[in-house]
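Q: I have a model open and want to learn how to read its features one by one. Can you take me through it?

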Amino acid sequence: MASNSFGKLLCVTTFGESHGPAIGCVVDGCPPGIAIAPGDFVHDLARRATGKSRYTSQRHEADVVEILSGVYAGKTTGTPIALLIRNVDARSRDYAAIADAFRPGHADYTYWQKYGVRDPRGGGRASARETTMRVAAAVIAKRWLREKWGVEIHGWLAQMGDIVARVPAGARIDFAVVESNSFFWPVAAQVPELEAAIKGLRKAGDSCGARVNVVATGVPPGWGEPVYGKLDAELAAALMSINAVKGVEIGAGFASVAQRGTGHRDEMRLDGFASNNAGGILGGIASGQDIVASMALKPTSSILVPGHSVNTAGEEVDVRTRGRHDPCVGIRATPIAEAMVALVLMDQALRHRAQCGDVGEIAPRIPASSR
């Protein structure tokens with residue numbers, strides 16, 4: 001396979017390019033009986049979309065989902081679900097001047113080396129436009145996880161450039177605050193600081209990186225497979241597959257390097273775990289604690305400041321990217337990260353049910369937290 005699909009029992013295949021006529025996906029292996037309609041996709045697709053605030057790319061796509069198969073009388077049938085979204089606001093002329101040049105920091109050069117041909121319009125298949133279909137597919141996964149297992153998945157922007165969310169240690173994230181601003185930021189008082197930072201980047205023609213955190217609550221212990229199907233390994237791979245992601249942490253992540261074993265291990269008592277440095281996963285299998293993951297996104301390379309590069313003729317050129325781009329791709333990455341976590345969890349849940357569905361609940365069942 002050419003790696004346009006992921007998942008085992010729940011298999012998602014995406015197709016389409018940024019400036020092609022449409023993008024789409026096929027969701028195979030979805031259980032029957034899940035209520036789904038075109039209107040159910042509106043909320044999450046709007047959260048991911050460009051042009052919804054002045055702090056992101058101003059490309060305006062309607063992102064109307066067409067359900068082509070796999071749903072009858074408003075419910076999934078168990079057959080492959082095909083979803084399609086037509087592109088209506090592609091502006092390919094913005095890329096005409098650099099069609100033969102490799103934008104530094106982009107996949108232009110590597111696609112050229114791999115395929116010997118590439119679609120230069122908006123990055124083609126390498127564009128973040130492709131992630132729209134991941135979010136669409138995850139609408140189904142989120143609903144199944146919530147209704148069948150009580151699993152909820154939420155993300156937030158934890159850092160933008162050198163600005164870090166000032167969340168008090170040990171405090172719970174207020175997701176009503178996260179959803180109330182254009183940045184998915186958990187501290188309302190800091191939003192003006194973010195706005196000023198984006199304005200400064202736009203004025204300078206530059207960009208910055210970001211950190212996005214995701215938490216999944218209500219995940220029962222037992223999901224995940226040892227050795228080659230580890231839950232944390234598959235979450236890391238899924239999050240790393242998102243455009244611009246250059247690092248993933250599970251739980252304490254790289255902070256574990258500076259910890260001692262006495263502080264890192266999550267001690268257990270009958271009333272709950274004392275901490276969650278493991279991010280809710282032990283030996284590749286969910287412990288019943290919150291699943292906690294974090295990803296780092298690089299600064300977008302589509303900026304107005306000219307950069308040195310090479311063209312397809314082997315000549316050195318200066319590249320200045322025009323068009324509608326995000327000064328910080330992390331602003332729109334929160335719903336994409338949530339989507340990938342949801343799709344991995346649903347796939348792992350189906351795999352666990354297939355092999356171990358008869359095992360049932362094992363005692364003792366330790367609560368997620370002793371707090």
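Q: Where is proline 364 placed?
A: This is a predicted model. Proline 364 sits in the segment after helix H8 (334-356).

Q: What is the peptide bond from alanine 363 to proline 364, cis or trans?
A: Read omega. Here the bond from alanine 363 to proline 364 is cis, with omega near -5°.

Q: How many residues of H8 are buried?
A: Burial is read from relative accessible area, and under 20% counts as buried. In H8, 18 of the 23 residues are buried, so the helix is mostly covered.

Q: Is glutamine 355 buried or exposed?
A: Glutamine 355 lies in helix H8. Glutamine 355 is exposed, with a relative accessible area of 64%. The cut-off for exposed is over 50%. For a distance across the chain, take isoleucine 36, which is 319 residues away from glutamine 355 in sequence. Their C-alpha atoms are separated by 27 Å.

Q: Where is the kink in H3 centred?
A: A kink is a local bend of the axis. In H3 the kink is centred on alanine 138 and is about 30°.

Q: Why is H3 described as largely enclosed?
A: Count its buried residues. In H3, 15 of the 19 residues are buried, so the rest of the structure largely encloses this helix. Threonine 132 is found in H3. At 0% relative accessibility, threonine 132 counts as buried. The C-alpha atoms of threonine 132 and isoleucine 85 are 8.7 Å apart, while 47 residues separate the two along the chain.

Q: Which phi does alanine 73 have, although it is not a glycine?
A: Alanine 73 has a positive phi of about 55°. Alanine 73 lies in the loop between strand E5 (71-72) and strand E6 (75-76). With a relative accessible area of 69%, alanine 73 is exposed. Alanine 244 is not a glycine either, and has a positive phi of about 75°. Its place is in the loop between helix H6 (231-240) and strand E11 (245-250).

Q: How many aromatic pairs does a search of the whole structure find?
A: Five aromatic pairs are found. Judge each by centre distance and plane angle. Phenylalanine 102 and tyrosine 109 are edge-to-face, at 5.4 Å centre to centre and 75° between the planes. Phenylalanine 102 counts as buried at 7% relative accessibility. Tyrosine 109 is partly exposed, at 44%.

Q: Which parts does the pair of tryptophan 149 and tryptophan 223 tie together?
A: First the geometry. Tryptophan 149 and tryptophan 223 are edge-to-face, 5.3 Å centre to centre, with 90° between the planes. Tryptophan 149 lies in helix H3 and tryptophan 223 in the loop between E10 and H6, so the pair ties together parts 74 residues apart in sequence. Tryptophan 149 is partly exposed, with a relative accessible area of 34%. Tryptophan 223 counts as buried, at 1%.

Q: Which residues do ring pairs link into a cluster?
A: Phe102, Tyr109 and Trp112.

Q: How do I read a pocket?
A: Rolling a probe the size of a water molecule over the atoms shows where empty space is left. Here the second largest pocket has a volume of about 1,000 Å³. Its lining has 34 residues, and Trp156, Gly170, Ala171, Ile173 and Val292 lie nearest its centre. Strand E8 (152-160), strand E10 (210-217) and strand E16 (291-297) are the elements that give two or more residues to this lining. The largest share, four residues, comes from E10.

Key. Residues are numbered from 1 along each chain as its sequence is written. This is a predicted model: local features need pLDDT of at least 70, side-chain atom pairs count only at pLDDT 80 or more; totals for chains, interfaces and linings use all residues. Side-chain values use heavy atoms; hydrogens and water are left out. Buried means under 20% relative accessible area, exposed over 50%, partly exposed in between (1.4 Å probe, protein chains only). On a 1 Å grid over the protein atoms alone, a cavity is a set of points where a 1.4 Å probe fits but cannot get out, and a pocket is an open set with protein on both sides within 12 Å along at least five of seven lines; lining residues have an atom within 4 Å of a point. Grid points are joined across faces, edges and corners, and a volume is the space filled by probe spheres set on the points. The bend at a residue is the angle between axes fitted to the seven residues ending there and the seven starting there. Rings of Phe, Tyr and Trp (its six-membered ring) pair if their centres lie within 6.5 Å; planes under 30 degrees apart count as stacked, over 60 as edge-to-face and the rest as tilted.
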